[in-house]
Amino acid sequence: MKITDFLVQNRIVFGLKSKNKEEVLKEMAELFLTSNDIIKEGMFDAFVEDLIERENLTSTGMQDGIAIPHAKSPAVEKLALSLAIVPEGIDFDSFDSEPSKLFFMIASPENIKREHLDLLQKISKLSYEEEILEDLINATDKSEVIKLLGLI
């Protein structure tokens, strides 16, 4: 399994308009609407609520500038990933109290367990890849991002 198995270029953005956690969740969830086969029709708001509910359990702001907001939701058709790269960072209640710069959002159907956990684990391993992490934060080209993530 590779991160790039679940991420396409039209779900990668550079920068976010959002200034707080709830806005980040909604803005990133909207990236899944670029494909017709991820969020079930009419269930976008339910997916956002599931993301917020999950975030309220414990923050998904990790460390080293990485946040992995995610939710298992009946609103989701298939496992997918979106990515926002925000070099200036946004406060996301991370474990190290530093702003998050890479936001990997995972949308997962309720019935998927192993693949969801495997994807979380793969993204978490980025913390050990300092050079790739830095290159991702400074990336300005979507194909470059896909290439970098393919190295993991």
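At 16% relative accessibility, Lys-21 counts as buried, where buried means under 20% relative accessible area, exposed over 50% and partly exposed in between, using a 1.4 Å probe and protein chains only. The model discussed here is predicted, so local features need pLDDT of at least 70 and side-chain atom pairs count only at pLDDT 80 or more, while totals for chains, interfaces and linings use all residues. Residues are numbered from 1 along each chain as its sequence is written, and side-chain values use heavy atoms, with hydrogens and water left out.

Side chains of opposite charge can pair when their charged atoms come close. A salt bridge is counted when a side-chain nitrogen of Lys or Arg is within 4 Å of a carboxyl oxygen of Asp or Glu, and by this rule the count comes to 4 salt bridges. One of them joins Glu-55 to Lys-21, with 2.9 Å between the closest N and O atoms. Glu-55 lies in helix α2 (residues 44–57) and Lys-21 in helix α1 (residues 21–29), so this pair ties together parts that are 34 residues apart in sequence. Helices (H or I, at least four residues) and strands (E, at least two) are DSSP runs, numbered from the N terminus. Both Glu-55 and Lys-21 are buried.

Lys-21 also meets Asp-93 in a salt bridge, at 3.2 Å from N to O. This pair links distant parts of the chain, 72 residues apart, as Asp-93 sits in the loop between β4 (80–90) and β5 (100–109) and Lys-21 in helix α1. Together, Lys-21, Glu-55 and Asp-93 are linked in a network of salt bridges.

A further salt bridge connects Asp-37 with Lys-78, the closest N and O atoms being 2.8 Å apart. Here the loop between α1 and α2, which holds Asp-37, is linked to the loop between β3 (70–73) and β4, which holds Lys-78, across 41 residues. Asp-37 is partly exposed at 37% relative accessible area, and Lys-78 is partly exposed at 39%.

Helix α1 has several buried residues, among them Val-24, Leu-25 and Met-28. The buried residues of α1 pack against α2, β4 and β5, with contact meaning heavy atoms within 4.5 Å.

Aromatic rings come next. Rings of Phe, Tyr and Trp (its six-membered ring) pair if their centres lie within 6.5 Å; planes under 30 degrees apart count as stacked, over 60 as edge-to-face and the rest as tilted. A search of the whole structure finds 2 aromatic pairs. Phe-32 and Phe-47 form an edge-to-face pair, 5.9 Å centre to centre with 80° between the planes. Phe-32 belongs to the loop between α1 and α2 and Phe-47 to helix α2, 15 residues apart. Phe-32 is buried, with a relative accessible area of 0%, and Phe-47 is buried with a value of 0%. Phe-92 and Phe-103 are also edge-to-face, at 5.2 Å centre to centre and 80° between the planes. Both Phe-92 and Phe-103 are buried.

The tour ends back at its starting residue. Lys-21 lies over the face of Phe-92, at 4.8 Å from the ring centre; a charge sits over a ring if NZ of Lys or CZ of Arg is within 6 Å of the ring centre and within 35 degrees of the ring normal.
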